[in-house]
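Please look at the structure below with its metal sites in mind. The paragraphs that follow go through these sites one after the other.

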Amino acid sequence: MRTLIKNGIIITASDTYKADLLIENERIKAIEANSGAKADSIVDATGKYIFPGAIDVHTHFDMPFGGTVSADDFTTGTTAAAAGGTTTIIDYAIQTPGKSLQDALETWHRKAEGKCAVDYGFHVAVTDLNDDTIAEIPDLVAGGYPSFKVFMAYKNVFQVDDATLLKVLKKASEAGGLVLVHAENGDVIDVLTGEMLSAGHTEPVYHALSRPPQAEEEAVNRFITMADLSSAPAYIVHLSDAGALGRVAEARLRGLPIYAETCPQYLFLDLQCYYEADFGGAKYVMSPPLRESGNEECLWDGLASGNLQVVASDHCSFNFKEQKEMGRNDFSKIPNGAPGVETRVQLLYAGGVNGGHFNLNRFVDLVSTAPARLFGLYPRKGTIAVGSDADLVIFDPDAEFTISAKTQHQNVDYNPYEGFSGQGTPIYVFSRGSMIFDHGKYCGAGGHGRFVKRKPFAKV
Ligand code: URP
Ligand code: ZN
Ligand code: ZN
């Protein structure tokens with residue numbers, strides 16, 4: 001099966017040029033101007049951009065958390081991802097204390113197998129380190145799982161101590177792995193949460209007030225210090241705060257291999273959301289929380305300057321009804337997380353490119369190329385080159401969109417960006433050469449998405 005995409009404007013992290021793209025057997029076969037190649041189908045991309053499929057390295061589908069399970073499973077989550085132009089996701093397989101890391105991977109493989117609309121991989125979240133589980137790390141890196149997550153927050157749930165952080169950093173880096181961290185000081189948050197609840201403060205805004213920016217900055221700094229001590233590369237997930245970003249920038253200036261992602265919610269939403277009437281603030285309960293208005297300017301600057309390398313969604317959806325409502329009388333019982341896998345690319349294009357923060361090439365780097373390089377997928381994914389997987393997004397820069405829960409593919413009863421409108425939207429999405437979205441309609445074959453083994457970490 002050969003598909004020819006004609007007259008599009010190809011955008012990679014480094015180049016912008018007009019050419020035709022020939023796809024054969026799931027891969028890009030040729031890139032040339034005015035191609036006369038014969039094909040089974042021809043797609044006209046005149047006036048449209050062609051991006052490498054976007055890569056979302058931070059999702060939580062079918063995840064047990066906060067006394068419930070996230071609302072999107074691997075079918076709905078990856079379909080929503082594809083609708084938004086994302087053709088690879090990396091989810092978190094979370095270790096059950098007392099069990100092995102391999103057991104976590106088997107559990108998450110069962111959740112995903114045969115259900116995914118796009119390709120997928122797994123990070124391994126370490127919650128219970130002992131002699132046996134630490135010994136699993138080298139084999140996991142070699143087996144296609146080169147990234148490990150540790151939590152400095154969620155006390156008595158996922159949080160690990162400093163000794164564990166240090167040991168995982170050392171072992172993973174020796175084996176060619178990258179350690180990812182949720183950096184907030186869980187002990188500080190635990191004390192502040194208790195104080196707020198004792199004072200009768202139960203509303204959603206107290207979720208944010210019990211997790212101040214200092215709790216994030218301190219944890220980021222501590223983790224960077226431990227990474228430095230271990231000569232290990234490290235990656236901070238969902239960085240939300242200007243102070244924390246300052247610590248990353250300082251470390252990078254010293255030449256340390258420290259990387260960080262932020263997410264659209266920290267660029268587009270702020271603390272005021274928690275005051276939405278009728279318990280509406282619960283929709284935005286996530287960790288780290290939304291910050292004061294103005295903070296986002298530093299994050300946009302970080303994306304433009306290179307101190308932030310990746311934009312991921314941290315998609316972790318919970319319905320407002322029955323799930324977020326679990327915390328009506330106690331903000332600490334609101335499940336943490338929000339949807340965003342479908343809207344990440346559109347939002348970043350609207351805010352970043354149309355908003356004048358960076359150019360098209362930097363946009364592609366943030367949503368596709370840098371995640372591919374950092375997480376061992378490049379150049380199979382994350383670029384448009386002969387031999388790469390034909391994961392492609394044909395993007396209409398003039399098409400208008402309005403975000404709404406009524407039209408989304410995400411399986412959740414609200415959208416945090418309800419009513420947000422902008423310009424620029426994917427019109428065709430290809431996964432390994434198969435068209436899976438056509439003007440907002442899913443046209444893929446169920447279970448097309450495959451597990452992708454990733455390569456060990458290489459410094460970028
Ligand atoms: O609130 C969030 N971010 N929920 C998902 C789990 C995590 O911490 O990434
Ligand atoms: Zn987290
Ligand atoms: Zn997360």
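Predicted model: local features only at pLDDT ≥ 70, side-chain atom pairs only at ≥ 80, totals over all residues.

Donors are N, O and S atoms within 2.8 Å of the metal (3.2 Å for Na, K and Ca), and water is not among the atoms, so sites may look incomplete. Since His-58 lies in strand β6 (residues 54-59) and Asp-314 in the loop between β15 (310-311) and α11 (344-354), the pair ties together parts that are 256 residues apart in sequence; helices (H or I, at least four residues) and strands (E, at least two) are DSSP runs, numbered from the N terminus. His-58 is buried, with a relative accessible area of 0%, and Asp-314 is buried at 9%, where buried means under 20% relative accessible area, exposed over 50% and partly exposed in between (1.4 Å probe, protein chains only).

The zinc ion (ligand 2) is 3.9 Å from the zinc ion (ligand 3). The protein donors of the zinc ion (ligand 2) are His-182 (ND1) and His-238 (NE2), at 2.0 to 2.1 Å. His-182 belongs to strand β12 (residues 178-182), while His-238 sits in the loop between β13 (234-236) and α8 (242-253), 56 residues apart. His-182 is buried, with a relative accessible area of 1%, and His-238 is buried at 3%.

Residues are numbered from 1 along each chain as its sequence is written, and chains are lettered from A and ligands numbered from 1 in the order in which they are written. Local features need pLDDT of at least 70, side-chain atom pairs count only at pLDDT 80 or more, and totals for chains, interfaces and linings use all residues, while side-chain values use heavy atoms, with hydrogens and water left out.
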